[in-house]
Amino acid sequence: MIRIRKSDERGRGDHGWLKSKFSFSFASYYDPEHMNFRDLRVINEDLVAPDSGFPMHPHRDMEIITYIVSGELEHRDSMGNGEVIRRGEVQRMSAGTGITHSEFNPTSDRTTHLLQIWITPDRAGHTPSYEQTLFPDEDKHDRLRLVASPDGAEGSVTIHQDTRLFASLLGAGRELTHNLAPGRHAWVQLIKGTLDVNGTRLDAGDAAAVSAETSLTLRADADAELLLFDLR
């Protein structure tokens with residue numbers, strides 16, 4: 001079974017310097033039909049204006065992944081980390097027992113385009129931690145590159161949940177297959193391009209929630225960038 005979450009049906013936020021689209025209920029956007037999908041709690045597509053950002057704010061008991069589509073984002077947190085995240089880099093922050101952080105577009109002339117992802121952890125009370133890894137675009141061409149997993153396999157960032165996150169840049173006319181183990185689910189988030197998922201078309205910004213399927217066939221009708229979550 002595949003259910004489509006259309007891009008133009010997502011929640012929206014506009015703060016001037018920040019424009020967001022929410023796949024699930026978040027902040028002032030509430031939709032009881034779209035609270036989460038399995039352990040996937042948040043996918044926010046954000047556009048952050050130059051010289052703007054989020055001031056210090058707290059989180060706890062959440063696995064937070066930042067995926068940069070374009071531009072840069074400067075991160076600082078209460079653990080003393082200070083990094084700039086760029087295209088191709090994935091940041092993982094386990095909020096655990098509590099952490100504060102800020103995120104800022106340090107450039108004066110470029111908008112930062114990112115996806116912020118929250119995954120519910122396997123339990124409360126983990127020790128807060130931080131990780132950032134580069135996954136070059138060439139490693140994602142016409143393949144599903146593992147970028148987050150519970151065991152850090154293949155150099156992926158490590159999260160406290162039985163979720164595996166893959167990223168792909170799939171060329172027009174190319175096709176990939178992802179097998180799902182019994183009882184597993186998937187969420188496919190299309191960032192750019194057009195994509196066919198088991199015969200169902202996705203346009204940029206659309207997503208597919210997948211249950212009771214044994215495999216996914218992904219075919220790009222036009223050059224596509226996508227994330228695939230393999231979920232319990």
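Tutor: Buried means under 20% relative accessible area, and exposed means over 50%. Keep that in mind here; this is a predicted model.

Student: OK. Is Arg184 buried or exposed?

Tutor: Buried, because its relative accessibility is 12%, and the cut-off is under 20%.

Student: Which residues does Arg184 touch, not counting residues up to four places away in sequence?

Tutor: Asp162, Thr163 and Arg164, plus Asp230, Leu231 and Arg232.

Student: What does the Arg184 side chain make a polar contact with?

Tutor: The side chain of Asp230, at 2.8 Å. The Arg184 side chain also reaches the backbone oxygen of Leu231, at 3.4 Å.

Student: How many residues apart along the chain are Arg184 and Leu231?

Tutor: 47 residues. Their C-alpha atoms are separated by 5.7 Å.

Student: Switching to Ala208. Which strand is Ala208 found in?

Tutor: β19, which covers residues 207-210.

Student: And is Ala208 buried or exposed?

Tutor: Ala208 counts as buried, because its relative accessibility is 1%.

Student: What separation do the C-alpha atoms of Ala208 and Gln91 have?

Tutor: 24 Å. Along the chain, Ala208 and Gln91 are 117 residues apart.

Definitions and conventions: Residues are numbered from 1 along each chain as its sequence is written. This is a predicted model: local features need pLDDT of at least 70, side-chain atom pairs count only at pLDDT 80 or more; totals for chains, interfaces and linings use all residues. Side-chain values use heavy atoms; hydrogens and water are left out. Buried means under 20% relative accessible area, exposed over 50%, partly exposed in between (1.4 Å probe, protein chains only). Contact means heavy atoms within 4.5 Å. A polar contact is a pair of N or O atoms within 3.5 Å; within protein, one must be able to donate a hydrogen and the other to accept it, and residues adjacent in sequence count only if both atoms are side-chain atoms. Helices (H or I, at least four residues) and strands (E, at least two) are DSSP runs, numbered from the N terminus.
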